[in-house]
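Thanks for coming. I will go through one model today, region by region, and keep it short.

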Amino acid sequence: VLFRSKAPTSGPAGGSRSQVMTGQAIREACQALLAGMKKPDGTYRDYAQMKAEDIAVHYVGQWTAPATNCDENSQGSPFSVYMYGIFMAQVAVDTATGKTTVEKMTLVADIGSINNRLVVDGQMYGGIAQGIGLALTEDYEDIKKHSTLAGAGFPYIKQIPDDMELIYVETPRKDGPFGAGGVGELPLTSPHASVINAIYNACGVRIKRLPALPEKVLAGL
């Protein structure tokens, strides 16, 4: 109850909307605070001066995304900020065993302006690593066998290449905080598809059901 009184429910953190929604609300609150602090001569009041002049020191920021629901023909604008990316996987396939090794991953990402590069890098590296696991080892079909991370084929550190290149194309988003967009989902949109395509280009085997386990690749060969 206390949480909702301070920060009313505004939807889930899905859709890579957290930075856009909370970022814009924070920006709005900060702008209101700066407006209250500003003196007529352009300088700023400190806390004591604001209290002495009975000027508010707490401000609430609100922001509503300029989006609309889709109509009966699935036409509309349900999101206001999108992400775009291109993945390239370089793999080696052992034709004697069918085992695939990812040697390098490259991601060209357009997520708007970057507000915190360290955090964005972390999201990208983590998502790419998940994509490699999804492509090569992870399988959750058998609940009894795959109810643990190890049993489900969670990738170990040696299965993730040290060579991961991130290239950012910063195109400011009109509706993002200081031009930023979301970043959570982009790195896991299709790195697995790039790995599967690389396997096909390497040895001619097209895997149509993930993961691309060695026995599947070997059977294709």
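Which residues does Ser16 touch, not counting residues up to four places away in sequence? They are Met83, Gly182, Val183, Gly184 and Glu185, where contact means heavy atoms within 4.5 Å.

Before going on, the basis. This is a predicted model, so local features need pLDDT of at least 70 and side-chain atom pairs count only at pLDDT 80 or more, while totals for chains, interfaces and linings use all residues. Residues are numbered from 1 along each chain as its sequence is written, and side-chain values use heavy atoms, with hydrogens and water left out.

Back to Ser16. Its place is the loop between α1 (2-6) and α2 (18-37); helices (H or I, at least four residues) and strands (E, at least two) are DSSP runs, numbered from the N terminus. With a relative accessible area of 12%, Ser16 is buried. The cut-offs are under 20% for buried, over 50% for exposed, and partly exposed in between, with a 1.4 Å probe and protein chains only. The side chains of Ser16 and Glu185 are joined by a polar contact of 2.7 Å. That term is a pair of N or O atoms within 3.5 Å; within protein, one must be able to donate a hydrogen and the other to accept it, and residues adjacent in sequence count only if both atoms are side-chain atoms.

Next, the helices. α4 covers residues 117-136, 20 residues in total, and runs 29 Å from first C-alpha to last, close to the expected 28 Å. The expected span is 1.5 Å times one less than the number of residues. At the start of α4, a side-chain oxygen of Asn116 comes within 3.3 Å of the backbone nitrogen of Leu118. Buried residues in α4 include Val120, Met124, Ile128, Ile132 and Leu136. Their cover includes β1, β2 (100-110), β3 (164-168) and α5 (191-203).

Does α5 pack against other helices or strands, and which? Its buried residues pack against β1, β2 and α4; among those residues are His192, Val195 and Ile199. The 13 residues of α5 should span 18 Å, and the end C-alpha atoms are 19 Å apart, which agrees. After α5 comes Gly204, with a positive phi near 85 degrees.

Now charges. How many salt bridges does the structure hold? Six, each defined as a side-chain nitrogen of Lys or Arg within 4 Å of a carboxyl oxygen of Asp or Glu. I will show three of them. Arg45 pairs with Glu53, the closest N and O atoms being 3.0 Å apart; Arg45 is buried at 11% relative accessible area, and Glu53 is partly exposed at 44%. Lys104 and Glu165 meet in a salt bridge of 3.0 Å, N to O. That pair links distant parts of the chain, strand β2 and strand β3, 61 residues apart. Glu165 is partly exposed, at 32%. Asp110 forms a salt bridge with Arg173, with the closest N and O atoms 2.9 Å apart. This one joins strand β2 to the loop between β3 and α5, 63 residues apart, and both residues are buried.

Last, Val60. It is found in the loop between α3 (47-52) and β1. Is Val60 buried or exposed? Exposed, with a relative accessible area of 71%. Val60 and Val205 are 145 residues apart in sequence and 57 Å apart in space, C-alpha to C-alpha.
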